[in-house]
Amino acid sequence: MGNQSAEELRGLIVVKALWFARDAGFDDVVVETDAINVKTALSSQGYDLASCGMLISDIKALLLVASQNYSIKFKHRSCNTVADSLAKFGCALDSGAIMVWPDGHLAFVNYHVAADIQSAPS
(Lines give C-alpha, C1' and ligand atoms only; values in the text may rest on other atoms or scores of the structure.)
Protein backbone atom coordinates (compact mmCIF):
# COMPACT_ATOMS: atom_id res chain seq x y z
CA MET A 1 0.00 0.00 0.00
CA GLY A 2 3.02 2.27 -0.20
CA ASN A 3 3.32 5.58 1.62
CA GLN A 4 -0.31 6.16 2.50
CA SER A 5 -1.25 7.65 5.85
CA ALA A 6 -3.42 5.84 8.36
CA GLU A 7 -6.30 8.16 7.41
CA GLU A 8 -5.89 7.33 3.72
CA LEU A 9 -5.87 3.60 4.44
CA ARG A 10 -8.98 3.90 6.58
CA GLY A 11 -10.59 5.97 3.83
CA LEU A 12 -9.82 3.28 1.26
CA ILE A 13 -11.45 0.71 3.55
CA VAL A 14 -14.58 2.89 3.71
CA VAL A 15 -14.63 3.09 -0.10
CA LYS A 16 -14.48 -0.71 -0.42
CA ALA A 17 -17.22 -1.14 2.17
CA LEU A 18 -19.48 1.43 0.49
CA TRP A 19 -19.11 -0.22 -2.91
CA PHE A 20 -20.01 -3.54 -1.29
CA ALA A 21 -23.03 -1.98 0.44
CA ARG A 22 -24.21 -0.43 -2.81
CA ASP A 23 -23.74 -3.64 -4.80
CA ALA A 24 -25.49 -5.68 -2.10
CA GLY A 25 -28.44 -3.28 -2.10
CA PHE A 26 -28.20 -2.15 1.52
CA ASP A 27 -30.58 0.73 2.23
CA ASP A 28 -29.07 1.90 5.52
CA VAL A 29 -25.34 2.32 5.98
CA VAL A 30 -23.49 3.12 9.20
CA VAL A 31 -19.82 3.98 8.78
CA GLU A 32 -17.96 3.37 12.04
CA THR A 33 -14.32 4.35 12.29
CA ASP A 34 -11.73 4.44 15.03
CA ALA A 35 -10.06 7.37 13.30
CA ILE A 36 -11.54 10.62 14.61
CA ASN A 37 -9.89 12.55 11.75
CA VAL A 38 -11.75 10.41 9.19
CA LYS A 39 -15.04 10.86 11.03
CA THR A 40 -14.48 14.63 11.25
CA ALA A 41 -13.53 14.84 7.58
CA LEU A 42 -16.57 12.86 6.44
CA SER A 43 -18.91 14.89 8.66
CA SER A 44 -17.66 18.36 7.72
CA GLN A 45 -18.01 20.49 4.63
CA GLY A 46 -14.58 22.14 4.80
CA TYR A 47 -12.15 19.29 5.45
CA ASP A 48 -11.62 18.44 1.77
CA LEU A 49 -8.38 20.43 1.69
CA ALA A 50 -6.66 17.87 3.93
CA SER A 51 -3.87 15.67 2.59
CA CYS A 52 -6.42 13.02 1.64
CA GLY A 53 -9.06 15.57 0.61
CA MET A 54 -9.78 14.02 -2.79
CA LEU A 55 -10.39 10.64 -1.17
CA ILE A 56 -12.71 12.27 1.39
CA SER A 57 -14.60 14.01 -1.43
CA ASP A 58 -14.94 10.68 -3.25
CA ILE A 59 -16.26 8.98 -0.11
CA LYS A 60 -18.82 11.74 0.43
CA ALA A 61 -20.05 11.36 -3.15
CA LEU A 62 -20.14 7.58 -2.81
CA LEU A 63 -22.17 7.87 0.41
CA LEU A 64 -24.82 9.77 -1.51
CA VAL A 65 -24.90 7.16 -4.29
CA ALA A 66 -24.52 4.05 -2.12
CA SER A 67 -27.25 4.71 0.40
CA GLN A 68 -30.35 6.76 0.92
CA ASN A 69 -29.78 6.72 4.66
CA TYR A 70 -26.32 6.81 6.21
CA SER A 71 -24.54 7.92 9.35
CA ILE A 72 -20.91 8.31 10.33
CA LYS A 73 -19.81 7.41 13.86
CA PHE A 74 -16.56 7.39 15.80
CA LYS A 75 -15.96 4.28 17.90
CA HIS A 76 -12.79 3.70 19.86
CA ARG A 77 -11.03 0.51 18.77
CA SER A 78 -11.44 -0.99 22.24
CA CYS A 79 -15.22 -0.68 21.86
CA ASN A 80 -15.35 -2.75 18.72
CA THR A 81 -13.29 -5.89 18.97
CA VAL A 82 -15.50 -7.48 16.30
CA ALA A 83 -14.38 -5.01 13.63
CA ASP A 84 -10.78 -5.18 14.81
CA SER A 85 -10.71 -8.99 14.68
CA LEU A 86 -12.45 -9.07 11.29
CA ALA A 87 -9.94 -6.55 9.94
CA LYS A 88 -7.06 -8.72 11.11
CA PHE A 89 -8.75 -11.77 9.58
CA GLY A 90 -9.26 -9.90 6.30
CA CYS A 91 -5.62 -8.81 6.18
CA ALA A 92 -4.60 -12.46 6.31
CA LEU A 93 -6.71 -13.38 3.25
CA ASP A 94 -5.21 -13.67 -0.20
CA SER A 95 -5.32 -10.49 -2.26
CA GLY A 96 -8.68 -10.12 -4.00
CA ALA A 97 -10.39 -12.72 -1.82
CA ILE A 98 -14.03 -12.04 -0.99
CA MET A 99 -15.95 -13.73 1.81
CA VAL A 100 -19.65 -13.23 2.50
CA TRP A 101 -21.65 -14.89 5.28
CA PRO A 102 -25.31 -14.26 4.37
CA ASP A 103 -26.57 -17.23 6.44
CA GLY A 104 -24.16 -17.20 9.34
CA HIS A 105 -20.86 -15.93 10.61
CA LEU A 106 -17.37 -16.99 11.51
CA ALA A 107 -17.16 -18.90 14.78
CA PHE A 108 -14.67 -16.49 16.37
CA VAL A 109 -17.12 -13.61 15.92
CA ASN A 110 -19.32 -14.85 18.83
CA TYR A 111 -16.46 -14.38 21.27
CA HIS A 112 -15.83 -10.82 20.11
CA VAL A 113 -19.52 -9.89 20.10
CA ALA A 114 -19.74 -11.04 23.73
CA ALA A 115 -16.63 -8.98 24.57
CA ASP A 116 -18.14 -5.89 22.94
CA ILE A 117 -21.40 -6.34 24.83
CA GLN A 118 -19.56 -6.67 28.15
CA SER A 119 -17.45 -3.57 27.51
CA ALA A 120 -20.39 -1.43 26.33
CA PRO A 121 -21.49 1.30 28.73
CA SER A 122 -24.76 0.63 30.51
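What is the mean pLDDT of the chain, and what share of its residues reach 70 or more? The mean is 76, and 80% of the residues reach that value; pLDDT is the predictor's confidence in each residue, from 0 to 100. This is a predicted model, in which local features need pLDDT of at least 70, side-chain atom pairs count only at pLDDT 80 or more, and totals for chains, interfaces and linings use all residues. Residues are numbered from 1 along each chain as its sequence is written, and side-chain values use heavy atoms, with hydrogens and water left out.

**View 1. Confidence in helix α4 and strand β2.** Helices (H or I, at least four residues) and strands (E, at least two) are DSSP runs, numbered from the N terminus.

**View 2. Buried residues of helix α2.** Val38, Ala41 and Leu42 are buried in α2 (residues 36-43). They lie on the same side of α2, because they cover an arc of only 95 degrees around the axis, taken from the directions from the helix axis to the C-beta atoms. Buried means under 20% relative accessible area, exposed over 50%, and partly exposed in between (1.4 Å probe, protein chains only).

**View 3. Helix α3, residues 53-66.** The end C-alpha atoms of α3 are 19 Å apart, which agrees with the 20 Å that its 14 residues should span; the expected span is 1.5 Å times one less than the number of residues. Buried residues in α3 include Leu55, Ile56, Ile59 and Lys60.

**View 4. The salt bridge of Arg22 and Asp23.** Their side chains meet at 2.8 Å, N to O. The count comes to one salt bridge, defined as a side-chain nitrogen of Lys or Arg within 4 Å of a carboxyl oxygen of Asp or Glu. Arg22 is partly exposed, at 35% relative accessible area, and Asp23 is exposed, at 58%.
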